[in-house]
Each structure stands twice: as C-alpha cells, then as structure tokens.
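Me: I am new to this structure and would like to go through one part of it. Could you take my questions in turn?

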Amino acid sequence: MGYDAWAINFRGTHLSAPVEVWEELGFAEYLVDIEQWVNRIGGKVVLIGHSMSGLLLLKYAESHQVAGLIVSQSGIPRAMMQKRGIVLEGPAPGKGQRAIEGGALLPIKDRESVKALLFDEGNAEEETVDLVIKMMGKESARVGGEIMNMELVPEKISVPLFVLGFDASKIGMRTSVDLNKVLAEELNARDYTLIEPGGHDYMLEKNWERFAQQFEVWIHSLEGAGVE
C-alpha cells in the first residue's frame, strides 16, 4: 500500500535471538528491543502492538516520540484497574493456563484450547490453527506479571493513539467494562474500535482484511505528521 513495513519479534520468539536464561528476561529487556528496532528503522514510524506488546509500546512512548501507535487487545495495568475500581475475574482455574518450565511459559499444543483461546468460533481456517500450533513457542513467565504491575503515565504519552478493544468474555474473562476502552479513555486516544467479529489472533482470521484496511486508513490520516 506504499508503506515500508517490518514484522519485529522480541528476543526468544520465532526467528529472533534465542534466550538462554528465561528468568532474566523482563519487560525492561523488551523495551531495549523496541528501542533498537526503531533506531535501526529510522525516520517517523507508526508502531503496532498486539496484546502484551501494546502495553510495552505505550511505556516506550512515555520517553520516545513516534508518529503514532496502534494498540490492540492489550487491556490495562493493575494500577489503572484499581483507579477505576474494576474487578477482573476468570478464566476458570486450569482454563488457558500454561505450564512453566525454567522460567518460560510453554506453548499450548492442545488444538481445542488454541481454538478456544485465540480464535472466534468458526472464524479461522483449520490450516491457520495448524500453523499457530506449529509455530507457537516459549515466552517469558516473568514479563506478564511485570507488565500488569507497571504504571503508565498518561501525561507523558502525547503520540496519536488508536486502540482496538475485545470482548474478553469470549475467553472466559468477566468484567463489567471493556478494559481496552478504559485504556483509550485514560490515554485520550484519537480513535477506538471494537474487534467484532474476531478472536485474540484476529489478524489470522477470515475477516482480517477489514482491520488491515482500518489500520491503512488511520496511518494515512497521519501523513501530515510526517509519516512516509
């Protein structure tokens, strides 16, 4: 569509540098990864972060200026939930929980669990599910807790922000509000939309082009800010 694009992977994930000691890998190391990527790419970039990486990009944006951020299905840190009096419940014990070995979360290999946790019912091709099961790898068990406990300072985040929300009840989470919409409100996001239909890995689902087009339109709207 006329833009240069990079798919970037944190250390320890597919095709990236392996991790020898998972216990030493925290969100601070991932912030270093982000800074290295942006410096290598150069220029004014729009960063797109899904799930965990969305919150990492927001933390990065507290001290770095980029052309824009798209944050997708990232929820909010615990401090922000407490500020709003939000209580989050679920999923039921054992559902969606991953085994931990040597400081790493082990990949999910059970097909039905992958489909239930990552995809909207009937919205993903079986070949896609196969690919995800094949490629899913280890992740740092430490990072998730650190990210949930970190604090975001909205006053420090001045970049244009597009937040995509998600109906978390699809994966057994119970709360009275859309946490992603709360994030959009707290950070004065320029735009917000709900992913529907769609699961957690919505960009691998049958209607992925709908959201890709939304990203394209939104990024195009930033051209006045120097995005090329």
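Me: Which residues of β2 are buried on one side and which on the other?
Reply: In this predicted model, G68, I70 and S72 on one side of β2 and L69 and V71 on the other are all buried, where buried means under 20% relative accessible area (1.4 Å probe, protein chains only). Strands are DSSP runs of E with at least two residues, and helices are runs of H or I with at least four, numbered from the N terminus.

Me: Why two sides?
Reply: In a regular strand the side chains alternate between the two faces of the sheet.

Me: How many bridges join β1 to β2?
Reply: Five bridges join β1 (residues 46–50) to β2, and the two run parallel; strands pair if DSSP finds at least two bridges between them. The chain passes from β1 through helix α2 (residues 52–61) to β2 in a right-handed β-α-β crossover, that is, clockwise with the strands pointing away from the viewer.

Me: Which residue of β2 is the partner of H50?
Reply: The partner of H50 is S72, while G49 stands opposite V71.

Me: And what does S72 stand opposite in β6?
Reply: S72 stands opposite L164 there. Four bridges join β2 to β6 (residues 161–165), again parallel.

Technical notes: Residues numbered from 1 in each chain as written. Predicted model: local features only at pLDDT ≥ 70, side-chain atom pairs only at ≥ 80, totals over all residues. Heavy atoms only, no water. Buried < 20%, exposed > 50% of the residue type's maximum accessible area, 1.4 Å probe, protein only.
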